[in-house]
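Reader: Hi, could you walk me through this model slowly, with each term explained as we go?
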Amino acid sequence: MMSHEFSTKVISFSSGKGGVGKTSLVSNLGSLWAQQGKKTLLIDGDWHLGKLGIAMGVRPQWTVEKVLSGTITLKDAITPISDSLSLLASPSGILGFEELDETSRHQLFYAIEDLHNEFDLILIDHSSGLHQGVTTFAAAAHQHVVVTTSEPTSYTDAYAVMKILSQRYSIREFGLVVTMSHDHAESQRIMERFIEITTAQLNVKIKLLEIFPWEPKLSLSIIKQRPFIDLYPRDPFTRKLSLICKKLDENPAARNHGLQFFYAPALGR
Ligand SMILES: Nc1ncnc2c1ncn2[C@@H]1O[C@H](COP(=O)(O)OP(=O)(O)OP(=O)(O)O)[C@@H](O)[C@H]1O
Ligand SMILES: [Mg+2]
């Protein structure tokens, strides 16, 4: 059993562009951390097409919608997946974080904050897009992971996410994950250049966490509704995922951010 001496760290995964592999990443990183005994909560922030439950092979009885309507508590809405892993599912096809009014958003922040002693880690899998509801939620995390491919259509959206988070919420540090690479050296070259330009223009720090290859077995793991890391524990792709866990563990969470930050009356930003 993990003691509660660790305070909860909230990590957000966003992308701008859709379909770049956020949900795959969150489901696998969450499973890895849970295997290490870290109490981990996955929050499906994609309320239009929430697929985290599908990826994890669970059918949640409740979703966060019932929490916002006051029918059940957030704690009751959480679906256990394994000893250390839980899911706060989204009500697929209802409304998105982007459509939540400010009161509901605060209600949710408070409810999540209340869970702090229950979890070591909370991972938020955001919907794509740059709506304010998404960015506000993303901004409330301690660590910010931006997911992109090395194609311009994707990294320009990654740039836009970092621009909003840095300019509107003063977030200065980002972890970048590159997915679906067909040529590692080429992706590395492109993304290093991207980081150089973005760092200079936005006055942010970007750590390139990992470049993942195009991996056809990933869609197989979705079909089987099992995390990739369970199906292929010794695959190089799994090793890369473990490395991300390690890098994020080593990188201390920014102190001035986190959920509490948003209770301050500076919300009009
Ligand atoms: N590295 C990869 N190589 C090949 N396919 C991948 C890779 N990463 C993800 N995929 C596949 O791409 C599709 C989209 O992945 P995923 O749902 O994780 O993306 P997402 O960013 O969460 O999408 P959305 O924006 O719709 O929420 C899935 O079919 C998944 O199996
Ligand atoms: Mg997704």
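Author: Let me begin with a term: axes are lines fitted to C-alpha atoms, for helices over the stretch in contact, and angles run from 0 to 180 degrees between N-to-C directions. Helices (H or I, at least four residues) and strands (E, at least two) are DSSP runs, numbered from the N terminus. This is a predicted model, in which local features need pLDDT of at least 70 and side-chain atom pairs count only at pLDDT 80 or more, while totals for chains, interfaces and linings use all residues. Residues are numbered from 1 along each chain as its sequence is written, and chains are lettered from A and ligands numbered from 1 in the order in which they are written.

Reader: Okay, at what angle do α6 and α7 cross?
Author: Helix α6 (residues 132-139) and helix α7 (residues 152-169) cross at roughly 70°, and their axes come within 10 Å. That makes α6 roughly perpendicular to α7, where angles under 35 degrees count as roughly parallel, over 145 as roughly antiparallel, 65 to 115 as roughly perpendicular and the rest as oblique.

Reader: And which residues of α6 and α7 meet?
Author: From α6 there are Thr135, Ala138 and Ala139, which meet Ile164, Leu165, Arg168 and Tyr169 of α7; two residues are in contact if their C-beta atoms, placed from the backbone, lie within 7 Å. By class, this contact of α6 with α7 has five nonpolar residues, one polar and one charged, with Ala, Val, Leu, Ile, Met, Phe, Trp, Tyr, Cys and Pro counted as nonpolar, Asp, Glu, Lys and Arg as charged, and the others, Gly among them, as polar.

Reader: How far apart are the axes of α7 and α8?
Author: The axes of α7 and helix α8 (residues 184-202) are 11 Å apart, and the two helices pack at an angle of about 25°. That makes α7 roughly parallel to α8. In the contact, Tyr155, Tyr159, Met162, Lys163 and Ser166 of α7 meet Phe194, Thr198 and Leu202 of α8.

Reader: Switching to the sheet, what's the strand order?
Author: The order is β3-β4-β2-β5-β1-β6-β7-β8, in an open sheet of eight strands with mixed pairing; two strands pair if DSSP finds at least two bridges between them. At the edges are β3 (79-80) and β8 (205-213), each of which pairs on one side only. Strand β3 pairs with strand β4 (residues 85-88) in the antiparallel sense, over two bridges, and Pro80 has Ser86 in β4 as its bridge partner.

Reader: Which strands does α7 touch?
Author: Helix α7 packs on the sheet and touches β1 (9-14), β6 (143-149) and β7, its direction making about 160° with that of β6. Helix α11 (residues 236-250) packs on the sheet as well, touching β1, β6, β7 and β8.

Reader: Last topic, which residues come nearest to ligand 1?
Author: Gly18, Gly21, Lys22, Thr23 and Ser24 come nearest, out of the 19 residues around ligand 1; a residue is near a molecule or strand if its C-beta atom, placed from the backbone, lies within 6 Å of it. The elements that give two or more residues to this shell are α1 (22-35), β7 (173-181) and α9 (217-223). The shell around ligand 1 divides into six nonpolar, nine polar and four charged residues.
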